[in-house]
Amino acid sequence: MVTTSSLNLVFTPTKPTSLSWKHSFPSPFTTANCTRRQNRKAYRFVVFATVLADPKPTVLVAEKLGKAGLELLKTFANVDCSYNLSPEELCTKISLCDALIVRSGTKVTREVFERSGGRLKVVGRAGVGIDNVDLSAATEHGCLVVNAPTANTIAAAEHGIALLTAMARNIAQADASIKAGKWQRSKYIGVSLVGKTLAVIGFGKVGSEVARRAKGLGMHVIAHDPYAPADRARAIGVDLLTFEEAISIADFISLHMPLTPATSKIFNDQAFSRMKKGVRIVNVARGGVIDEEALVRALDSGIVAQAALDVFTEEPPPKDSRLVLHENVTVTPHLGASTTEAQEGVAIEVAEAVIGALRGELAATAVNAPMVPAELKDCDLSAFDHGVEDLFPLLMFIYLVLTELAPFVTLSEKLGRLAVQLVAGGSGVQSVKVTYASARGPDDLDTRLLRAMITKGLIEPITSVFINLVNADFTAKQRGLRITEERFLLDGSPENPLEFIQVQIANVESKFATAISDSGEIKVEGRVKDRKPHLTKVGSFSVDVSMEGSLILCRQVDQPGMIGSVGNILGEENINVSFMSVGRIAPRKQAVMIIGVDKEPNKEALKKIGEIPAIEEFVFLKL
Ligand SMILES: NC(=O)c1ccc[n+]([C@@H]2O[C@H](COP(=O)([O-])OP(=O)(O)OC[C@H]3O[C@@H](n4cnc5c(N)ncnc54)[C@H](O)[C@@H]3O)[C@@H](O)[C@H]2O)c1
Ligand SMILES: O=C(O)[C@H](O)COP(=O)(O)O
């Protein structure tokens, strides 16, 4: 018997209807004018032909995977374990594979997707980081990427503690010395951990487990994480501090944040200059969060007494790397997740996700599954046949809300993204209220997709977790983020599904005080105009700007010439201003100016903007 779940149905944003039937069979949905009966015929053909042509999919496992995961895969697919393939060998093999499983050692480049000839449906990453997979190329080729985000948390935390203790007692150096025939007892006097202050930077899954263990070693643990819930920190007995406070009072610093544009090289000369002389640093997160040349300088000058590193900007690092060869540095070759238990765990986690994806299910650990496939947002969906509802209810739900909610979907994500960037470092986001203003009753307006998109906007910029419709509520709950929804019933015609959406974050401080409303929350509001998202309120100020690119928000005393002053500074830096809007309470009183820019101004330009006398505060935000 053929079940619908055995079909390989995946999103393909590059195709007009966003549903791709692999193996080059004709899609029942691609012809805009086809009838339901034609669609059903095509559908039956695809089921039949798929089963005949490819009873079992082929999974290429390109790096060593735990046994339990392999066994699981073998129950469903032909499994080809080929390790240490050269890039060319991988590209050659890939056209015969429906799925590929890797760890961090294999680069899954655009060429891999191109050379797969459309057969590759899913890439499974047996671990957290997906920096070795070209996500845009995967998405463009309609290939789902799934990861295993939880099974190696404890292994990474234990490795962090192993490096911390090994570094403090010079274990690696002493081991090398004794094996070289020496007996240097006085050279390797270490430092004690008990009573020392450990700053955990990034208080997520791994960071909080490191904190728990360090408390057990008698350390005083502090943490910095702009988005961590304060009650999670309290429960472990950890104080959440600002970045500057945390790094300046710590004896040891352990890094556990993701590599994002905001954290890239956050440990630079400036950061090292603020640290206590003789500080010791552990990094099991990502090499790119440290400016490695600056770390060598800090080690040479003695600001940093020792470092223990599991991860590097370039992996493997160059053989002559001054950092790796430094006598006060202990290194391991990205071993954080390398325990038998973690590898069994990630193997099962990734195998389940890959099998699910090959069956056409949307995995909760999908990294690039679009919340709404890009093309669907704009395309005419009239040809979409309701015959698929048994096949993929989730897709049906998306379809039903999509035709009219599409622009509000984009608006929701951007409002979430904007609101979270207004939160000051050190305040954990816990309570978010979303208000939907509409003339429709609750039964006529399904907001699940909008809430998920707001969650995506709030969480994605600050974590390595990727949010999709399936995991949005779960991830929010896991992070202690409570999202409440409220309807604001308007008079008038219910033709337009929504008038505006408001996102409010309570109990936080803002890096742009103007964004705090009269009732004390960060408040942003948006509307859809000409199917494009617009920001229409910041705090208590009414504004009107299209939400695209990057924005500079300034609060100023309303007076002539302000637009020109800021425009000149940006012009000198060759930064194109795409739009401007000023919202004011009354002429010559306080105003909010919003400037859309094509690229991020450098620090110097932002400083000059801040120095314009009438400007009271400003913030730069990326949408
Ligand atoms: N070495 C290894 O083998 C290994 C193994 C597992 C994870 N990792 C890496 O460890 C890191 C943490 O993984 P996780 O699973 O705990 O992720 P996570 O998403 O659970 O936690 C990351 C935390 O960092 C915080 N954060 C974001 N921006 C920050 C900033 N600017 N300053 C401080 N904190 C910030 C987030 O709020 C979040 O709480 C990731 O980079 C991951 O790739 C490495
Ligand atoms: O991101 C991860 O999960 C870790 O860095 C582990 O990577 P690995 O699977 O290559 O050990």
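Student: Which residues surround ligand 2?
Tutor: Around ligand 2 you find R103, S104, G105, A126, G127, V128, G129, N152, H334, G336, A337 and S338, each with its C-beta atom, placed from the backbone, within 6 Å of the molecule. This is a predicted model, where local features need pLDDT of at least 70, side-chain atom pairs count only at pLDDT 80 or more, and totals for chains, interfaces and linings use all residues. Residues are numbered from 1 along each chain as its sequence is written, with chains lettered from A and ligands numbered from 1 in the order in which they are written.
Student: Is H334 buried or exposed?
Tutor: H334 is buried, because 22 other C-beta atoms lie within 10 Å (buried takes 20 or more, exposed 12 or fewer, partly exposed is in between, with C-beta atoms placed from the backbone).
Student: And N84, buried or exposed?
Tutor: N84 counts as exposed because it has 10 C-beta neighbours inside 10 Å. N84 also has a positive phi, about 55 degrees, although it is not a glycine.
Student: Switching topic: where's the cis peptide bond?
Tutor: Between E315 and P316, with omega about -5 degrees.
Student: What is I101 in contact with?
Tutor: Leaving aside neighbours within four places in sequence, I101 is in contact (C-beta atoms, placed from the backbone, within 7 Å) with V59, V61, A62, L65, G124, A126, V350 and V354. A126 also belongs to the surroundings of ligand 2.

Note on methods
Contact = placed C-beta atoms within 7 Å.
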